[in-house]
Amino acid sequence: MEGIINNIDRRTLLKGGAALGGGIIAAGMPLSQVIWAAEGKVLKVALPMELATLDPGFYGASYEVNVMNCLYSKLTRYKPGSEWGWDLEAAEQIEQVDPTHIRFRLKKGIKFSGGYGEITAKDVKFSFERIFKHKSPDMPDLGSFDHVELEDDYTGVIVFKTPYVPVWYLALPYATGHIVSEQAVMEATKDGGNFGMKPPAFSGPYVLADWKQNQYTLLTRNPEWSGPKAGFDEIRIVPITDIKTAERAYQAGDIDFATISLDSLATFKSNPPPDTKVEEHSSLRIIWLGMNMDHPKLKDINVRKAIQWAINVPQIVDAAYAGYVNVATGSIAPGLIGHREKALVPPEGDLAKAKEFLDKAAVSDLQLTLDCDNSGIPSIIAQIIQAQLSQIGITVQVNTQDPGSYATIGQESDGDRWKDLQLFIRNDSSLPDPSYYMGTFVKAQVGVWNWERFSSDRFDELNVQAMAIEDPNERAKLYHEMQDLMEKSGAYRFLTNGATPVVYRTTKVQPATRPDGVPLYVDFKPAQT
Amino acid sequence: MLLYLCKRLVLAVTISVTAVTLLFLMIHAVPGDIASILLGPRATPEMKAQLYQQMGLDKPLVVQLATFFGGLLHGDLGFDVFSQRPVADIVLEQLPYTLELILASILWAAAIAIPLGCYSAVRRNSAMDHIVGVMAVSTIAIPSFVMAVYALLIFAVSLRWLPAIGAGEGFADELIHLLLPSFAVGVGWVGYIARLLRASMLETLGENHIRTVRAFGVSEWRVITRYALPLAILPTVTILGVGIAWLLSAAVFVEVVFARPGIGALIVQAVNSRNYPIVMGTVLVTTFLIVIATTVSDLVNAALDPRIREEL
């Protein structure tokens, strides 16, 4: 070895370095990828934020659930594809016995890692009940859950205090439905509370091999997993908070699947990076213009209706989203129970009718404020609405602020700002059940998340009823009526449900997503080469 | 020297306490409720109350501040209830990434600016001097994040020579991941340092002792490197120390653009989510870092110039 080193002179070193560098560059491969090219099938993806917890009973954001899906089993799981549905996962059988009881029977042989044994009904009971015992913020997902009764090692009955139909889409196939090991969690936390970023055992196809905050999360195959084999040996997840950075990371080849911004969609479609497929998925979001019904300037329903009718939604969709999103017909997104075919106020509005309402209200020189967050598109929407309302003589002043401050502008607990709130743009995410959308607009939420201060006994009554109806068609009727009530109040102008465009490298991956474009990494497969 | 170090230590503590207290008051004056932001639309008042209690936000401001400083005496920066980890662990994990970014940026800036500044001074009023002058002002005018975006688009996206995101794994990989971000931060300093060094060199080259050295027939290269540069570089060293604050703020943008771990990325996330313990812990550490950097630059100055050493 010493001889070799002594024989390398400066010229040889430079020649060698140049040859190596030239080879790497000519091959078009980033240096890091050359040096650290991993063995086996590796999926490289991005998360929009850093993980804060991997405890499914205390999750804070949907992207955390994308990772949890790889680490733990659930009774059921969302079906990949373009229509909402669920499949069995850890459950061999599951049925609604009566409105307040769901019986499940677990598959045998699904093991926890670390020698914590097989998943039993006792672990399911522990996983659900700890959420309530420790007053997790995620309790609402399980609605009126009461307890789990054990019948034998593999069979149990989930008991609710009152009928709660949303559990089939909000909890069982989602975060709070994940099963953790009672023994492992008790050993790790002593009281069964939140274990944060230190999962003590895994029950899914992958285990958490490494996590470096703000750098990466590495998942590797769970050697004790006995279920269907996942497509990739490793999943490397990088937190990228800025969606534009994620797009550049994809273009540079650092990740193989990415959600892109709607304003980049046209560019990706017209000039896609090599071997790239662009897919457009619907979204569960709802973006709307809200009006504070308690504000003196907006107390008169005629003023609110004038605003509703003056707004041309397709114009907003074209200008703010280049036409890549739908025109919303209500708060509930397409594809879900309760989605309305059309809104009561036509999407294009009617300026003559808007002026009529304004005349009825007998107001002139109306000056209003319109608040929104500064995250980009909401402020563009606000400017379009400003221009549209000027056509009926309403002057609008747009106020933008950081998302953190804006998030509480209508809340009574955060000072008196809610009293000055007039018009505002809300951009809320949701889960695939209509109850998730409607919970915001009940009377109990006035001054909390119901910034319109919309208050309807009928709406609240329907909201309770709709949670208990199993027949989707009957349930849908109630949600249609609820959205009609909202729209008739004049306090809402539904704009769009958004869209989720994703890109992936066809030479590396065959992705699988929920209908709203959320990735289901466990179902991702390597590309056929 | 010992007395000087003690004075600087007291100053460091005073500045850090003042900065953190001001920040604490500002955080609580800004609208935006952490419980509402983090727990979302379905959070009940009970859940919010529980979160306030877990984070100690249910106590009066004075008590919260006293608890924070009390914890500091034991090396405890608080606890992040979301990740269930001590804030000190989180901040100290991220700190090395920012430090290496700053250090590499300084190296970039010094490596480019010092030769340019010297050359401009030696070839005063030449065409090259004018070109360097224009380039210097240009690099000052371009913000770091703009430089970062373009560097990324050219070298990572178009040419695919370098990685676009992350900090890498292992020494060689980390070094490669550091090239673009540190260049983006460092290049903004090239103009400042080159102009400062040029002016300083011109002044030094006109001094009597340099004329004397030249009269002895010492080569021009030796005059510049051995006699003029060590003196002319003193203001630059001071600026580099003070400039750590500037580099830290530039690092915030660059860490977001390159999705790099670090103090900047951490603070952006924490401010957006109103995660007060992380914000406080991070600012405390960065404040302390800046005070240490200025102290080190004073000590380096003293090492280079005996006159300053005597004053200390």
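**A chat about the model**

Analyst: Let's start with one pair: F104(A) has G156(A), in β7(A), as its bridge partner. Keep in mind that this is a predicted model, where local features need pLDDT of at least 70, side-chain atom pairs count only at pLDDT 80 or more, and totals for chains, interfaces and linings use all residues. Residues are numbered from 1 along each chain as its sequence is written, while chains are lettered from A and ligands numbered from 1 in the order in which they are written.

User: Which strands does that pair sit in, and how many bridges join them?

Analyst: Strand β5 (residues 101-106) and strand β7 (residues 155-160), both of chain A, pair in the antiparallel sense over 5 bridges. Two strands count as paired if DSSP finds at least two bridges between them. The strands (E, at least two residues) and helices (H or I, at least four) are DSSP runs, numbered from the N terminus.

User: What holds strands of a sheet together in general?

Analyst: Backbone hydrogen bonds do the pairing, and strands can be parallel or antiparallel.

User: OK, what's the strand order in the open sheet of 4 strands in chain A?

Analyst: The order is β4-β5-β7-β6 (chain A), with antiparallel pairing. β4 (91-98) and β6 (145-150) of chain A are at the edges with a single partner strand each, so one side of each has no neighbour in the sheet. From one strand to the next, the twist averages 20°. Helix α5 (residues 121-133) of chain A packs on this sheet and touches β5, β6 and β7 of chain A, with its direction at about 160° to that of β6(A). For those angles, axes are lines fitted to C-alpha atoms (for helices, over the stretch in contact), and values run from 0 to 180 degrees between N-to-C directions. Touching, or being in contact, means that the C-beta atoms of two residues, placed from the backbone, lie within 7 Å.

User: And the open sheet of 5 strands, what's its order?

Analyst: That one goes β15-β14-β16-β13-β17 (chain A), with mixed pairing. Its edges are β15 (395-401) and β17 (492-496) of chain A, each with a single partner strand, so one side of each is left without a neighbour in the sheet. The twist averages 25° from one strand to the next. Inside it, β14 (residues 367-373) and β16 (residues 423-428) of chain A run parallel and are joined by 2 bridges. One bridge pairs L370(A) with L423(A) in β16(A).

User: Where's the hairpin with N214(A)?

Analyst: N214(A) belongs to the hairpin of β8(A) and β9(A), which has 3 residues between the strands, and takes a positive phi near 65°. Strand β8 (residues 206-212) and strand β9 (residues 216-221) of chain A run antiparallel, joined by 6 bridges. D210(A) stands opposite L218(A) in β9(A). Then β9(A) also pairs with β10(A), in the antiparallel sense over 4 bridges.

User: Switching topic: how many residues does each chain put into the contact?

Analyst: Chain A gives 49 residues and chain B gives 48. On the side of chain A that touches chain B, the largest share, 4 residues, comes from α8(A). By class, that side has 19 nonpolar, 21 polar and 9 charged residues. Here Ala, Val, Leu, Ile, Met, Phe, Trp, Tyr, Cys and Pro count as nonpolar, Asp, Glu, Lys and Arg as charged, and the others, Gly among them, as polar.

User: What does A249(A) touch?

Analyst: Not counting residues up to four places away in sequence, its contacts include I240(A), I255(A), A164(B) and A259(B).

User: Is L38(B) buried or exposed?

Analyst: L38(B) is buried, with 21 other C-beta atoms within 10 Å. The cut-offs are 20 or more for buried, 12 or fewer for exposed and partly exposed in between, counting other C-beta atoms within 10 Å of the residue's own, with C-beta atoms placed from the backbone. L38(B) has its place in helix α2 (residues 34-39) of chain B. Leaving aside neighbours within four places in sequence, L38(B) is in contact with G60(A) and S273(B).

User: Last one: how much of chain A is buried?

Analyst: Of its 529 residues, 49% count as buried. Chain A has 18 helices and 20 strands, and its C-alpha trace spans about 95 × 70 × 40 Å along the principal axes.
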